[in-house]
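Please look through the sequence and the 3D structure shown here before reading on. The briefing that follows is grouped by topic.

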Amino acid sequence: MDFLNAIVAFSNFVLIPATAYGAQLALGALGVTLIYGILRFSNFAHGDTMAFGAMVTILATWGLQGAGVSLGVLPTALLALPVGIAGTALLVLGTDRAIYAFYREQRAKPVVLVIVSMGVMFMMNGLVRFIIGPDDQRFADGARFIVKARDFKEWSGLREGLAIKTSQGITIVAAVLVVILLFWFLNRTRTGKSMRAYSDNEDLALLSGINPERVVMITWIIVAALATVAGVLYGLDKSFKPFTYFQLLLPIFASAIVGGLGSPLGAIVGGFVIAFSEVTITYAWKKVLTYLMPDSLDPSGLVQLLSTDYKFAVSFMILVIVLLFRPTGIFSGRAG
Amino acid sequence: MSVAMKNTLLFVVVFGLIAATGFQQSWNVALGIVNMGLISAIMAMGVNMQWGYAGLFNIGVMGFVALGGLATVLVGMPHTPGAWAAVGPGMLLALFAGFAAIFVPILVYRRMRPGRRRAIAVFALLVLGFFVFRSLFDPAVKAIEAVDSARTGYLGGLGLPVLIAWPVGALIAAGAAWLIAKTALGLRSDYLAIATLGIAEIIIAVMKNEEWLSRGVKNVNGIPRPVPYELDLRADPGFVERVTNWGFDPVTASTIYVKLCYGALFVVVLLALIWLAEKALKSPWGRMMRAIRDNEVAAEAMGKDVTARHLQIFILGSAVCGLAGAMMTSLEGLLTPASYQPLRFTFLVWVMVIVGGSGNNFGAVLGGFLIWFLWVQVEPLGLWLMDWITAGMSDGYWLKDHLLESAAHMRLLTMGLILVLVLRFSPRGLIPER
């Protein structure tokens, strides 16, 4: 019985939250990695692109809620998602036309593009704060839980409850769907193949008649979709605040680099590696351990390796360790 | 128009803008802009050394600035008597154990032959070290934070004159930079960027959470000043008599006097730094740095030790940022770890360097003043603009309220726009490298 309790407590506080968080990071890291693969720079504006996508979706959600439309138990935000993706796609395509295209033509060094993306980050950040303000916004509706802790306790007769939030369930399902769609697109369609060809060897791809501007445009649209989905899922799961999206930049980049910049599969694995390490290292294990250890060995403290405020330190440590021992990431991305 | 003329004119324009603030708004505001402008100029010089001289992409400026701020507390604040007596030595022991927990595994890693045995040994030592460290560290922290926690609850400082904190701030930042450089400097530019970004976040997290060290989010206020206090000046009959004779109000005069004192100190530091930096840039060392920046491979083939030079310039630049951070905290008189925001302390400094002109010390200084001026003045300007736009709308209309409320966020938008425009149309900045 104690063992089952320990498993339930573990799932409740570590497994499920970390999986949801990992899925969100993976979606964010996929966007970063695609930009890196095709446009060949680290896009510092990605966190704020996510915030922008989430913001457009929130505004559309409020509109739908105002019109009385709802999805029942599911959050209305899912219905507003296409609007958010379209809005974000327009924004990033506009930024590309107005700002990045010039440097691409000049074949500027990647580091110049990184600095340019810092400027774009400022502007997007300002734009989001300008439109929706810097405060927390709640937009989740529908049922809060798929499984409630109390229902689970009554059903199983265990002392520990298991709660699965709707947002967590949706995050995982949505992430799986998006990833399947993305890989199908990259591996099976003509456009996807031309994207991979362009990413592997630009000159060869150009010689074989691939239109680079089209590849870039499609990349931005996919990135906009990924960023919006990631931003909305994160916002549903935690809450929407422009500044937190900026702070997500570090774990997202850590995920992409740990997996290997430029490798989509690596981005997904990296996202889960970072999320699980963050959650396991900052979780207070006392609860789980009390079930597993004999009474005499009950832990006296919280058995928390690091306080939650140091979660950035965790993603950072993993990043440094991977970079020191395997600089190309787990799945050898293109950045050697 | 000669280059020198143009550059002088640019500086005249920027100081003209600040002077206009003095006439239009108040001299207090204008002097405030000058003082922070001086500090910003020093920060920009630090970043310029790393980026402009050597092409190192450091976006962890905030961390070094914060370490400089911490130095003012550690040096300038009086020490907390009970805390030192109770656990000072215990804390030192714990910190020593912490360092040992990191360095012993590194030593073992270097000495043992690669293989599974080395991996196991290093991992075991790390885990063991971590638990030993925590077992010494946790009680010490608890004891320190228990000492009069409402007023102190931290170790306090050394109680030395606060001016000593400025070079100490630079030293602490340099130490941190050495540690970072040793691990991350070999990486490609974007990786170094992410690594420094992460380090800065970690430094801020430490300062927010380690209450025994910096009082965390409870902030440290009343850090001693290197200049007189306004209240003392107002209580001094000599001062009051003098300023009233000149026709000033003693209250305003005292605040302006204090600001001028700070300004004078900052100007001395800035001039000394510019002199040193110009000397260095024009010396063989400066030429070597630029050679390395422009073509690492060629410089290496000429027998230059690229890694060592990068390490050197990274430490120097970070030390300058730490110095600026210490100066800023002693100007403000309080340390608020929660106020360190990357957009304000890292990316804004980058805007200063790029707009001013990377690779040119005067460019960095000009950028520091100009961008700081804009950072302060864009908010009232934005409000004025919004007032003008919304003038035709009726009161209480939602769009009017929203626009007026959002004017404060014009800052970030403007800074981004300036950065992007400068990069597009004048990528070498206002005062380009010669």
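Contact here means heavy atoms within 4.5 Å. This is a predicted model, in which local features need pLDDT of at least 70 and side-chain atom pairs count only at pLDDT 80 or more, while totals for chains, interfaces and linings use all residues. Residues are numbered from 1 along each chain as its sequence is written, chains are lettered from A in the order in which they are written, and side-chain values use heavy atoms, with hydrogens and water left out.

**A loop serine in chain A**

- A:S239 lies in the loop between α9 and α10 (242-247) of chain A, where helices (H or I, at least four residues) and strands (E, at least two) are DSSP runs numbered from the N terminus.
- Leaving aside neighbours within four places in sequence, A:S239 is in contact with A:D136, A:R138 and A:Y234.
- The side chains of A:S239 and A:D136 are joined by a polar contact of 2.7 Å, a term for a pair of N or O atoms within 3.5 Å of which, within protein, one must be able to donate a hydrogen and the other to accept it, with residues adjacent in sequence counting only if both atoms are side-chain atoms.

**Two packed helices in chain A**

- Helix α7 (residues 190-200) of chain A packs against helix α9 (residues 212-237) of chain A at an angle of about 105°, with the axes 10 Å apart; axes are lines fitted to C-alpha atoms, for helices over the stretch in contact, and angles run from 0 to 180 degrees between N-to-C directions.
- α7(A) and α9(A) are therefore roughly perpendicular to each other, a label that covers angles of 65 to 115 degrees.
- On the α7(A) side, A:T191, A:S194, A:M195 and A:Y198 take part, and these meet residues of α9(A) including A:V215, A:I218 and A:I222.

**Where chain B meets chain A**

- In this interface, 47 residues of chain B are in contact with 45 residues of chain A.
- The two chains bury about 4,200 Å² between them, 78% of it on carbon and sulfur atoms, buried area being the accessible area (1.4 Å probe) that two parts lose on being put together, summed over both.
- In chain B, B:Y191, B:I194 and B:H409 lose the most area to chain A, together 15% of what that side buries.
- Between chain B and chain A there are 6 residue pairs in polar contact, both at pLDDT 80 or more.

**Positive phi values**

- A:R40, in the loop between α1 (2-39) and α2 (46-66) of chain A, has a positive phi of about 65° although A:R40 is not a glycine.

Key:
Angles under 35 degrees count as roughly parallel, over 145 as roughly antiparallel, 65 to 115 as roughly perpendicular and the rest as oblique.
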